[in-house]
Every structure is written in C-alpha cells, then in structure tokens.
Amino acid sequence: MILQKKRLLITGVRNRRSLAHAVAVSALAQGAQLAFAVQPVDKAHDKTTAILNEDFPGAPVLQCDAANDDAIEAAVTAAATALGGLDGLLHAIAFANRESISGGYHEHIDRDGFALALDISAYTMTAFAKAALPHLSAGGSLVTLTYLGAERALPNYNVMGVAKAALEASVRYLAFSMGKDNVRVNAVSAGPVKTLAAAGIGDFSKILKQVQQQAPLKRNISADEVGDAVAFLFSDLSRGISGEVVHVDAGFHITAGFNEEQ
Ligand code: NAP
C-alpha cells in the first residue's frame, strides 16, 4: 500500500482503455484517495462519468475542458476541497487534429494545427501544475504521460512528437522551478497501447508489431504496467526522483528504433 493517504487528481480518463484509468486502478489498489477531471463535451462523457462512478465509487468526478484555464483552476480547487488537499496529479491529456498525425509532417501541418497540439498536449501540463501548486502537500508529485516520438522522428506521430518534446522539456522546467516547494515532476514514456487517442495515429497496428519484434522484452506493454510505474512515481519510494522521463516500453527506446521498411 505505497499510496496510503495520498490524495490524487487523475485527468485523461475517457474509457476503461485509457492509460489514466489504469493509473487510477493501480493507485486505488495502493491505497490512494482519488478525484477525476474529465472533459465535458457530449454524451460520450456521460458514459465516462458512469464508468468512473462504477469503478471508483465515491471519487468526485469534475468536469474540465483543459483548453480553458479557469476550468482547470476550478477543477483542481474542487478536487483539493473534496479530498482535503492534494499529494499528486496525473496529466494524461493530448490532442491533435487527425490529419496532422498521419503522413508527412510538413505536408500535414499548419500554424493552427501546430498551436492546438502544443496547447492541449503540452501547455496543459504546466497549467495543471500551476493550479495544483497551492494545494500540494510537501513531497507532492506531478506525473504526465509522454511517448518516444518526443525523442525520435517516428512515422505519422508528427506534431504530436513536437508537442511531447515540449511536454518533456516542461517536466524538466517545472521540476526545476517547483523543487523549492518540495514538489516533484516526472513523466512516464509509455510504449504503444491501443487506446482511443492511439487509434488516431496512422498505422498504429504496425507500430505495435514493430515493438513486439524489436523491444528487448519481445512484447508490447500493458496499460497496468504504466499504472504501476506512475503509482511508484506518486509514492514516497520515488522521493529522490524529479525531472525524469521513465520509459515503460519493454525497453524499446534503447533499440535502433523504427525502420519503415521492416
Ligand atoms: P485516451 O484514453 O484517449 O486519453 C486521452 C485523454 O485526453 C482523453 O480522456 C481525452 O478526453 C483527453 N483530452 C483531450 N483533449 C482534452 C481537453 N481539451 N480537455 C480535457 N481532456 C482532454 O488515450 P491515452 O492513450 O490513454 O492517452 C493518455 C495520454 O497518454 C496522452 O497524453 C497520450 O499521448 C499518452 N500516451 C499514450 C500512449 C498510447 O500508446 N496509448 C503512449 C504514450 C503516451 P476526450 O476523449 O473526452 O477528448
């Protein structure tokens, strides 16, 4: 029970395949108290709330469009009020126009598509961190989810890779500036997992196959492995770690990487 008495706000759950859902399952199993912030848009989100009410009874579910700073502030404050403070926050939010994450990067990107992907997928981590800071206990831990496309040029990932690079840099700068408040900031770089967001990336099944063939562990990862790694980063067991990107990808990032012809 490494998260006993830890009060965590989880963003980015859409359904039971969401990596954030797996994080919540791991955190609950380790004794955490949870609150959720979900995007309020349409009927699909009623389903998200129903899933969360069923799987995490009693956990507050707050509405929050991460494109709006006031909504972020309100959701974080409401979560902190409901839980009596915060010890951690998971940022698991990303978005890019579908046409920007398929085909050649320069052929499918424009100024608006670039700004949107960077705003929702990278800036929102900083916005949540700023909003959470006044509510965080000493030793608080902020975690976000990133991908290898931040470090390498991969087929189809395109502007999302640029956004993840900004996200990872944000993790380092947040860790640097919030360290004096005794707050840690880290990222988990997850291997590919079939989720709704991943389904938008061109040739995703090919990526899964390549990882299975080339990763040192000769397999893909599962969402619960991401959940367990994030639980560790929320816990005091990781108290000496900040500004880090932990790869949970069956070791794939140490290999020569993708070859489109394979
Ligand atoms: P997911 O279940 O589709 O989660 C993505 C979440 O982002 C959804 O809950 C989505 O809400 C939310 N979101 C998008 N725009 C938002 C906004 N304006 N306000 C609030 N929420 C917003 O997919 P996932 O794969 O678990 O993604 C979670 C994180 O893991 C993302 O940062 C992703 O890049 C990262 N990641 C995923 C993989 C993978 O292979 N799956 C690998 C590495 C990293 P709606 O659906 O309601 O819009």
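Student: What makes helix H1 oblique to helix H8?

Tutor: In this predicted model, the axes of H1 (residues 19-29) and H8 come within 7 Å and cross at roughly 55°. Angles under 35 degrees count as roughly parallel, over 145 as roughly antiparallel, 65 to 115 as roughly perpendicular and the rest as oblique. H1 is therefore oblique to H8. The axes are lines fitted to C-alpha atoms over the stretch in contact, with angles from 0 to 180 degrees between N-to-C directions.

Student: Why are helices H4 and H5 called roughly parallel?

Tutor: The axes of H4 (residues 111-132) and H5 (residues 158-178) cross at roughly 20° and come within 9 Å. By the limits already stated, H4 and H5 are therefore roughly parallel to each other. Among the residues in contact are Phe-114 and Leu-118 of H4 and Val-162 and Leu-167 of H5. This contact has 14 nonpolar, 3 polar and 1 charged residues.

Student: What makes strand S3 an edge strand?

Tutor: Two strands pair if DSSP finds at least two bridges between them. Strand S3 (61-63) pairs on one side only, as does the other edge strand, S7 (245-248). The open sheet has 7 strands in the order S3-S2-S1-S4-S5-S6-S7, with parallel pairing. Its twist averages 20° from one strand to the next.

Student: How do you know that strands S5 and S6 pair?

Tutor: Strand S5 (residues 136-146) is joined to strand S6 (residues 183-190) by 7 bridges, and the definition asks for at least two. Gly-140 stands opposite Val-183 in S6.

Student: Why is the aromatic pair of Phe-36 and Phe-56 called tilted?

Tutor: Rings of Phe, Tyr and Trp (its six-membered ring) pair if their centres lie within 6.5 Å; planes under 30 degrees apart count as stacked, over 60 as edge-to-face and the rest as tilted. Phe-36 and Phe-56 are 5.0 Å apart centre to centre, with 45° between the planes, and the pair is tilted. Phe-36 lies in strand S2 and Phe-56 in the loop between helix H2 and S3, so the pair ties together parts 20 residues apart in sequence.

Student: Which rules apply to the numbering and to the values?

Tutor: Residues are numbered from 1 along each chain as its sequence is written, and side-chain values use heavy atoms, without hydrogens and water. Local features need pLDDT of at least 70, and side-chain atom pairs count only at pLDDT 80 or more, while totals for chains, interfaces and linings use all residues.

Terms used
Helix = DSSP H or I, 4+ residues; strand = E, 2+ residues; numbered from the N terminus. Contact = heavy atoms within 4.5 Å. Nonpolar A, V, L, I, M, F, W, Y, C, P; charged D, E, K, R; others polar.
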